[in-house]
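These are my notebook entries on a single structure. I recorded what I looked up, topic by topic.

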Amino acid sequence: MIRHRQGEQPREYQWILRPNASLNRRQAKMLIGVMGLGMAAIGTGFALAGAWPVLPFSGAELWLLGYGLTRSMRESAVREIITLDREKLRIERAVPDVERFHEFLRAWVRIEWSGPTRLNECGRLYVGSHGKQVEIGAFLIEEEKQALAQSLQQALSSEF
């Protein structure tokens, strides 16, 4: 998902990129709770019928669901903030527990689009100058990457 806004200072542009997330934390906890209740009811029914080995597998299945949701939520916490001002383009990556940034002089920045090389593969969007390139929006879908590339190119070519 791309959100474009005016920067904090005059004549500053910002693009905030983040992955599409289907659930928030509250909804994920509710899903785990509902699934846990359902699995407990089914497991108890089977245990009362004499098939008690179903219970450990039910617990393992619930644990795997929780683990998968936790990983998914962690991956959706990634943010990229692209800031363009009069002199430079700054890319900040906020991955959980790690923050990195790259800066390029505005006058030398080049946007490069590398189309997909195989079927069912997304293209890649690079920003760089002087032989250094950084991929941006790796988690975006194809149409969002193309829209971001056009928006960046227009902002870079506009006069401040």
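**Entry 1: Aromatic pairs**

I looked up Trp15 and found a relative accessibility of 1%, so Trp15 counts as buried (buried means under 20% relative accessible area, exposed over 50%, partly exposed in between, with a 1.4 Å probe and protein chains only). I note that the model is predicted, that local features need pLDDT of at least 70 and side-chain atom pairs pLDDT 80 or more, and that totals for chains, interfaces and linings use all residues. Residues are numbered from 1 along each chain as its sequence is written, and side-chain values use heavy atoms, with hydrogens and water left out.

I then searched for aromatic pairs, and the count came to 2 (rings of Phe, Tyr and Trp, the last by its six-membered ring, pair if their centres lie within 6.5 Å; planes under 30 degrees apart count as stacked, over 60 as edge-to-face and the rest as tilted).

Trp63 and Tyr67 form a stacked pair, with 5.5 Å from centre to centre and 10 degrees between the planes. These two residues lie 4 apart in helix H2, so about one helical turn separates Trp63 from Tyr67. For secondary structure I used DSSP runs, numbered from the N terminus: helices are H or I of at least four residues, strands E of at least two. Trp63 counts as exposed at 57% relative accessibility, whereas Tyr67 is partly exposed at 43%.

**Entry 2: The H1 and H2 contact**

How do the axes of H1 and H2 cross? I found that the axes of H1 (residues 25–48) and H2 (residues 54–75) come within 9 Å and cross at roughly 170 degrees. The axes are lines fitted to C-alpha atoms, for helices over the stretch in contact, and angles run from 0 to 180 degrees between N-to-C directions. The two helices are therefore roughly antiparallel (over 145 degrees; under 35 is roughly parallel, 65 to 115 roughly perpendicular and the rest oblique). Among the contact residues are Leu31, Met35 and Met39 of H1, and Leu62, Leu65 and Leu69 of H2 (contact means heavy atoms within 4.5 Å).

I also looked up Leu23, which is in the loop between strand S2 (13–17) and H1. Leaving out residues up to four places away in sequence, Leu23 touches Ala28, Leu31, Leu69 and Met73. Its relative accessible area is 26%, so Leu23 is partly exposed.

**Entry 3: Arginines and a loop residue**

I located Arg100 in strand S5 (residues 98–105). Arg100 is in contact with Ile91, Glu92 and Arg93, neighbours within four places in sequence being left aside. At 46% relative accessibility Arg100 counts as partly exposed.

The charged end of Arg90 sits over the ring of Phe101, 4.0 Å from its centre; the rule asks for NZ of Lys or CZ of Arg within 6 Å of the ring centre and within 35 degrees of the ring normal.

Most residues other than glycine have a negative phi. His130 lies in the loop between strand S7 (124–129) and strand S8 (132–136), and is exposed with a relative accessible area of 63%.
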